[in-house]
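Hello,

Here is the structure I promised to pass on. Please open it first, then read my notes below.

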Amino acid sequence: MSFIVDYYNYWIVVFLMMAGFYIVISANNLVKKIVGLNIFQTSVFMMYISIGKVQGGSAPIVADGITSYSNPLPHVLILTAIVVGVATTAVGLALVVRIKRAYGTVEENEFEDKDALI
Amino acid sequence: MVELIDLVLLGMLAITALRVIFLKDLFAVVMLFGLYSFLSALIFVNLDAVDVAFTEAAVGAGISTVLMLGTLALTGRKEKANNHTALLPLLVVIITGAALIYGTLDMPPFGHPDNPAHQHVAPRYIEESPKEIGLPNMVTSVLASYRAFDTLGETAVVFAAAIGVLSLLGMPKPGGVAIDSGLKSHLVLRVVAKLVIPMTILFALYVQFHGDYGPGGGFQAGVIAAAAVILYALVFGLPLATHVVRPNFLKVLAALGVLIYAGTGVTSFFLGGNFLDYNVLASDPVVGQHIGIIVIEFGIGITVFAAMLGIFYGFAAQAERTNIQ
Amino acid sequence: MFEQHFPVLPIVLPLIAAPLCMLLGRSQLAWLLATIVSGISFCIAVSLLMVTLDQGVLSYALGGWEPPWGIEMRLDVANALILSVVTGISTLVLVYAKDSIATEIPQSQHTLFYTAHLLCLTGLSGILTTGDAFNLFVFLEISSLATYTLVSLASDRRALTAAFRYLVMGTIGATFILIGVGMMYMKTGTLNMLDLAARIGEFEYNRTLNTGLAFILVGVSIKLALFPLHMWLPPAYTHAPSAVSAFLASTATKVAVYVMIRFIFTIYGAEYVFYSMGMDVILLVLAIVAIFNCSFVATVQSNVKTMLAYSSVAQIGYMILGISLVTTAGLMAGLLHIFNHALMKGALFMAVGAVFMRTGSADIKAFRGLGKTMPWTMAAFTIAGLSIIGVPLTAGFVSKWYLVTAALEQQHWMIAFLVLIGSLLAIVYIGRILEAAYFKDPVQSASDKTIKEAPLMMLVPMWILAVANIYFGIDTSLSVTAADAAANWLFEPSAQAVFQSASQSASELGAAR
């Protein structure tokens, strides 16, 4: 039982990561691929934040009467990673918009067919 | 209690993610992603990561979702059915997932105070940073001082994204022809927007300068300030917005923010410290740290504001262009 | 007075120059600034290489915070060598780019090109210099985002889909690395590479650490385009602007190989990776399949840029092969090939870019008769091509020689034989182009317009690299000494142990405070 209590969090997070990963590699629509990428990354962020949690701890902001704080380091790393994620999303979506304009479609198999004609 | 909330939220996330896999309506997919982002922000709060939750809510549920919706407006909301075989992706995912589960087996137990992560580097941040840096918010201390170089890199990433979107989509010309956005005719919306926008900007300033004491900081403030202008552009139309905040001005701001941050580091050179060593900025190290953190947070704030708004302008300019055609 | 700051300057200078480029607005000024800054970075990198050859290792604590609490920049011979290559190629490519992008990228985008190039250089230098596992991820993403922009600047619409595919694969790779770093962090509580190495050394066999390493290796393999994760690379290099292809082909994948070396040898230690986990067999098989499969695919391509891209994937196979031999000699051959291959592929892609500029095509048909009309470009192409094949007196021969010797040292006759067969395939694909250039008459329709030699600004950097191919093929003292020192440094646990114990005592000191 303690085994499950210790790890259930990581297992569900792994499931979420894989759901996102599956969307990225299986989706044919480019917007959906980007959504999948975001879900994948957000789930990885959850893994990091889970590492930082201390039972009975509180948010790492100094306050009177609190002795135990959660680990601030993973929080800092993930703040950075979230920003990196949105930056990638913005560039990816901008590419999608341009692909739509150049090919008239954002379905991967359709523009592959159009390229094959050249 | 924490575990129970955690479990419920994770369950909701799992349902949301599964729903996204099978939905073909991309508008619903993006909305569900916004929901996913909000739920994960709640998890972050539950796990004590308030700063992260704040950012995730502002970025994931805010900016990312807006950009995705903007893209959908240009590319269509229906995903076409395709007869691709989903077998290979499924296989890859199952193998990857199995590897990850295998990896969890030797992980330190969730939330245990004796875990290596809580024993080695972090204790110094928790115990010493209030004295060394003089700020109650340890996340700000680590972000802006101990690991300031990461954050400089993060600012550069935002700048790189702005360069990317600018080169791909371009910028709207200021003061173009006004097109009725449809929202403009709603009186209630306009009045509410006029009330909300100044308050949002005020809140952004609060977040910018209060980040040392509570959750917040330059990044969140920049996003919120950009959101205020985005709201303005949505209600009153892009031409008016570009009249208020000119695209060329944004280019200068984005570059300036990075320069302010890197310039702080270079200033340390001349005062005899290492790159980004704030201790040398004032005679008292703690005062120096405080000056350094305020300056670089300001740099982050304006780069993020300019980059996020510039990215939105890029997408909006494309939308206007298609409307005209 | 800045000497003590040298380790951080190759990152900070381009980072400051990038926004300045954007503010300058005029493309001529932006070009000048970018070239000068890149040149200064190159000089600093070379001086760092000299210092590390002399003293071993340089550590720089950012923000004045001692590692592992702060981020550390850490230079040894291995990364100083590759840093010199990257900054040097960047400078040459910038000189080359001025005329090259004039025909390939709209005028209004030129400033953005230089800004993105500088950001990419910032990222690559950061990856090479940093001594912190998470900081590496951040710089990886800076260089990646700048790269996606650079690729998509080309006017061909296929560049857009290539950039998108690159973005998706690259982000998956980066996220895998993030997962791996997270697993390492949760078992050790640290992110500093040396500190990680010391703490991972305490574990004999650990499932979390194994998985972490596996994810990092897969993530890095995507970034370095190791077969079978290379599918993003050929379209990206084919459709990117020529200057971008030249820069990426000779730096980006090499930096990823370096990251792999760093994680295997410095952080986990060869013993853990190769003896406990048996990674060497997997890498060896993938490397050999990469060499053969991609060399073979290269022989049937009609687009010369695609052909060179597949050839790059094959050449990466040689580097990984060197690593997977698990000997100092093998690692040294791999490092040497990183250096030499940058020289060859840089020159080859520059030559193809010049041909593309004059003929408007990178198809093999466009090369017909160029031996007469563009003699200098084709001569440079020939030299670099011979180097790829591994003809004696070229740099390519030197690294193949050391690779074969390293394989024979281990009694791996089969591997040595396969390396030689791989060179035969290179003769086929390079030979096809040389045949078209020197022995075939130009296509009738193309002869309407006279094809001129490439402009001087493009020929000079191309020839610097071509001459370097010969120079480092004859006088191997600099490249071999540096690669040898780097390999010894990475491989000798004793050499690192001294520094590890030093850093350990430092961390104990810190903990006691």
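**What I found**

Ala225(C) lies in the loop between H8 and H9 of chain C. Helices (H or I, at least four residues) and strands (E, at least two) are DSSP runs, numbered from the N terminus. Ala225(C) has a positive phi of about 60°, although it is not a glycine. The loop between helix H8 (207–223) and helix H9 (233–239) of chain C also holds Pro228(C). The peptide bond between Phe227(C) and Pro228(C) is cis, with omega about 0°. Another cis bond runs from Pro67(C) to Pro68(C), with omega near 5°. Pro68(C) sits in the loop between strand S1 (58–61) and strand S2 (72–75) of chain C. Why point these out? Most residues other than glycine have a negative phi, and most peptide bonds are trans.

A word on the source. This is a predicted model: local features need pLDDT of at least 70, side-chain atom pairs count only at pLDDT 80 or more, and totals for chains, interfaces and linings use all residues. Residues are numbered from 1 along each chain as its sequence is written, chains are lettered from A and ligands numbered from 1 in the order in which they are written, and side-chain values use heavy atoms, with hydrogens and water left out.

**Chain B with chain A**

Here 94 residues of chain B are in contact with 76 residues of chain A (contact means heavy atoms within 4.5 Å). The two chains bury about 7,700 Å² between them, 76% of it on carbon and sulfur atoms.

Lys53(A) pairs with Asp48(B), with the closest N and O atoms 2.9 Å apart. A salt bridge is a side-chain nitrogen of Lys or Arg within 4 Å of a carboxyl oxygen of Asp or Glu. Helix H3 (residues 50–75) of chain B gives 14 residues, the largest share of the side of chain B that touches chain A. By class, that side has 63 nonpolar, 18 polar and 13 charged residues. Ala, Val, Leu, Ile, Met, Phe, Trp, Tyr, Cys and Pro count as nonpolar, Asp, Glu, Lys and Arg as charged, and the others, Gly among them, as polar.

**Chain C with chain A**

This contact takes 28 residues from chain C and 39 from chain A. Chain C and chain A bury about 3,000 Å² between them, 80% of it on carbon and sulfur atoms. Arg157(C), Phe164(C) and Tyr185(C) supply 22% of the area that chain C buries against chain A, more than any other three residues. The rule finds one salt bridge here too. Glu108(A) and Arg165(C) form it (4.0 Å, N to O).

**Chain B with chain C**

Helix H8 (residues 148–169) of chain B packs against helix H5 (residues 133–152) of chain C at an angle of about 10°, with axes 9 Å apart. Axes are lines fitted to C-alpha atoms, for helices over the stretch in contact, and angles run from 0 to 180 degrees between N-to-C directions. H8(B) and H5(C) are therefore roughly parallel to each other (under 35 degrees; over 145 is roughly antiparallel, 65 to 115 roughly perpendicular, the rest oblique).

Best wishes

Note on methods: Buried area = accessible area lost by both parts, 1.4 Å probe.
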